[in-house]
Amino acid sequence: MMKNGGHRSGVAKKKAIVTVAHAMIVIIWHVLAAGTPYRELGEDYFTTRKDPEKEAQRLISKLRGWFAS
């Protein structure tokens, strides 16, 4: 449970700010190094870049491994 009526601590807020800043710096570095404009990959990039059938089989195998005990 969070203190102060649901507000996060100052340390957690600072960590979040540093994390977002780091992500932005990495993006900026890649854009400048490649010399191309930034292109948003989209919300479904990680789910559509792979073969859906192969991904489904991978996840099924993972589930079977969890419940094979």
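**Figure 1. Accessible surface and overall fold of the protein chain.** The accessible surface of the protein chain amounts to about 6,900 Å², and carbon and sulfur atoms account for 64% of this area. The model shown is predicted. Among the 69 residues of the protein chain, 0% count as buried. The chain contains three helices and zero strands, and its elements follow the pattern α-α-α when read along the sequence. The pLDDT of the protein chain averages 85, with 87% of the residues scoring at least 70. Confidence is highest in helix H1, with a mean of 93, and lowest in helix H2 (residues 45-48), with a mean of 77.

**Figure 2. Helix H1 and the residue that follows it.** Helix H1 is made up of 25 residues, and the distance from its first C-alpha to its last is 36 Å. This span is close to the 36 Å expected at 1.5 Å a residue. H1 is hardly covered, for the count of buried residues among its 25 residues is zero. Just after H1 comes Gly35, which takes a positive phi of about 70 degrees.

**Figure 3. A nonpolar patch on the surface.** Four residues, Val20, Met24, Ile28 and Leu32, form a nonpolar patch on the surface. Together they present about 430 Å² of accessible area. One of these residues, Met24, lies in helix H1, which covers residues 10-34. An α-helix has 3.6 residues a turn, so residues three or four places apart point the same way.

**Figure 4. Val31 and its contacts.** Val31 is a residue of helix H1. When residues up to four places away in sequence are not counted, Val31 touches Thr36 and Tyr38.

**Figure 5. The salt bridge between Glu55 and Arg58.** A search of the whole structure finds one salt bridge. Side chains of opposite charge can pair when their charged atoms come close. Here Glu55 forms a salt bridge with Arg58, and their closest N and O atoms are 2.7 Å apart. Both Glu55 and Arg58 belong to helix H3 (residues 52-67), where they are three residues apart, about one turn of the helix. Glu55 has a relative accessible area of 22% and is partly exposed. Arg58 also counts as partly exposed, at 41% relative accessibility.

Note on methods:
Residues numbered from 1 in each chain as written. Predicted model: local features only at pLDDT ≥ 70, side-chain atom pairs only at ≥ 80, totals over all residues. Heavy atoms only, no water. Patch = residues over 30% accessible without salt bridge, like charges linked within 9 Å, V, L, I, M, F, W, Y side chains within 5 Å. Areas by Shrake-Rupley, 256 points an atom, 1.4 Å probe, with all protein chains shown as cover. Salt bridge = Lys/Arg side-chain N within 4 Å of Asp/Glu carboxyl O. Helix = DSSP H or I, 4+ residues; strand = E, 2+ residues; numbered from the N terminus. Buried < 20%, exposed > 50% of the residue type's maximum accessible area, 1.4 Å probe, protein only. Expected span 1.5 Å × (residues − 1). pLDDT = per-residue confidence, 0-100. Contact = heavy atoms within 4.5 Å.
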